[in-house]
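Please keep the structure open in your viewer and follow the selections below in order. Each stop names what to select and then says what is found there.

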Amino acid sequence: MEVNFSIALPRQAYTVAVMRDFLGEALRTTGVCAECRFPILLASSEACANAVDHGAQSSGYRVTVRIRTDTCLVEVAHTGPGFNPAQVPLPDLEAESGRGILMMRHVMEDVSVAADPDGTTRVRMRKRFGACRPGPPEPGEWSRLEPVLR
């Protein structure tokens with residue numbers, strides 16, 4: 001089973017919750033267990049919050065997701081200044097921000113950041129599923145997503 005979707009969102013703080021709810025429901029209805037859903041939602045929310053906070057003023061951002069039998073791939077792309085995550089300093093113990101990249105790397109298997117020549121910054125993350133393997137949705141599960149997909 002494979003589920004793919006892409007959603008374009010405006011650079012507004014409320015859209016992080018919209019993305020998290022949509023992705024969470026897609027993961028749940030494809031049979032991904034809560035233990036695997038949580039880190040994906042946490043890292044994706046952080047990447048989206050960074051796109052909202054650091055993206056170019058007038059642009060939105062795009063979240064692309066591929067849920068496979070054994071893996072979830074998430075890409076968050078926005079126009080804005082690129083950066084080298086290796087040059088991001090570790091946050092101070094008392095700092096209220098600056099832990100996003102570190103946290104994403106801790107909860108996901110692979111995290112990469114790339115800056116395209118056109119000015120697009122892409123954060124790509126991958127999470128392998130452990131014992132929980134997505135399967136066909138339970139009867140009626142897809143009908144819960146229909147209003148969101150329209």
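Begin by selecting His 78 and displaying its surroundings: leaving out residues up to four places away in sequence, His 78 touches Ala 51, His 54, Gly 55, Gly 60, Tyr 61, Gly 119, Thr 120 and Thr 121. His 78 belongs to strand β3, and with a relative accessibility of 8% His 78 counts as buried. Bear in mind throughout the tour that this is a predicted model.

Stay on strand β3, which covers residues 71-79, and move to Thr 71, which also lies in this strand. Thr 71 has a relative accessibility of 8% and therefore counts as buried. If you show its side chain together with that of Asp 70, you will find a polar contact of 3.1 Å joining the two. Beyond the neighbours within four places in sequence, Thr 71 is in contact with Arg 66, Arg 126, Lys 127, Arg 128 and Phe 129.

Next, select Cys 72. How accessible is Cys 72? Its relative accessibility is 0%, so Cys 72 counts as buried. The cysteine sulfur closest to that of Cys 72 is in Cys 36, at 9.8 Å, which is too far for a bond. Across the model, the count of disulfides comes to zero. For another cysteine, select Cys 33, which is partly exposed, with a relative accessible area of 26%.

Now zoom out and colour by secondary structure. The protein has four helices and five strands, and read from the N terminus the elements run β-α-α-β-β-α-β-β-α. Of its 150 residues, 42% count as buried. Among the contacts between residues at least 6 apart in sequence, 67% join residues at least 24 apart.

Select Met 104 and show its surroundings: apart from neighbours within four places in sequence, Met 104 is in contact with Ala 43, Glu 46, Ala 47, Asn 50, Val 111, Val 123 and Met 125.

Move on to the aromatic rings, where the count comes to one aromatic pair. Select Phe 5 and Phe 22, whose ring centres are 4.8 Å apart and whose planes stand at 80°, so the pair is edge-to-face. Because Phe 5 lies in strand β1 and Phe 22 in helix α1, the pair ties together parts that are 17 residues apart in sequence. Phe 5 counts as buried at 15% relative accessibility, and Phe 22 counts as buried at 12%.

Two C-alpha separations close the tour. In strand β1, which covers residues 3-9, select Val 3, a residue that counts as buried at 15% relative accessibility. Draw a distance from its C-alpha atom to that of Val 65, and the separation is 7.9 Å for a pair that is 62 residues apart along the chain. Then select Ala 17 in helix α1, which counts as partly exposed at 28% relative accessibility. The C-alpha atoms of Ala 17 and Leu 41, which are 24 residues apart along the chain, are separated by 10.0 Å.

Note on methods:
Residues are numbered from 1 along each chain as its sequence is written. This is a predicted model: local features need pLDDT of at least 70, side-chain atom pairs count only at pLDDT 80 or more; totals for chains, interfaces and linings use all residues. Side-chain values use heavy atoms; hydrogens and water are left out. Helices (H or I, at least four residues) and strands (E, at least two) are DSSP runs, numbered from the N terminus. Buried means under 20% relative accessible area, exposed over 50%, partly exposed in between (1.4 Å probe, protein chains only). A polar contact is a pair of N or O atoms within 3.5 Å; within protein, one must be able to donate a hydrogen and the other to accept it, and residues adjacent in sequence count only if both atoms are side-chain atoms. Contact means heavy atoms within 4.5 Å. Rings of Phe, Tyr and Trp (its six-membered ring) pair if their centres lie within 6.5 Å; planes under 30 degrees apart count as stacked, over 60 as edge-to-face and the rest as tilted. A disulfide is a pair of cysteine sulfur atoms within 2.5 Å.
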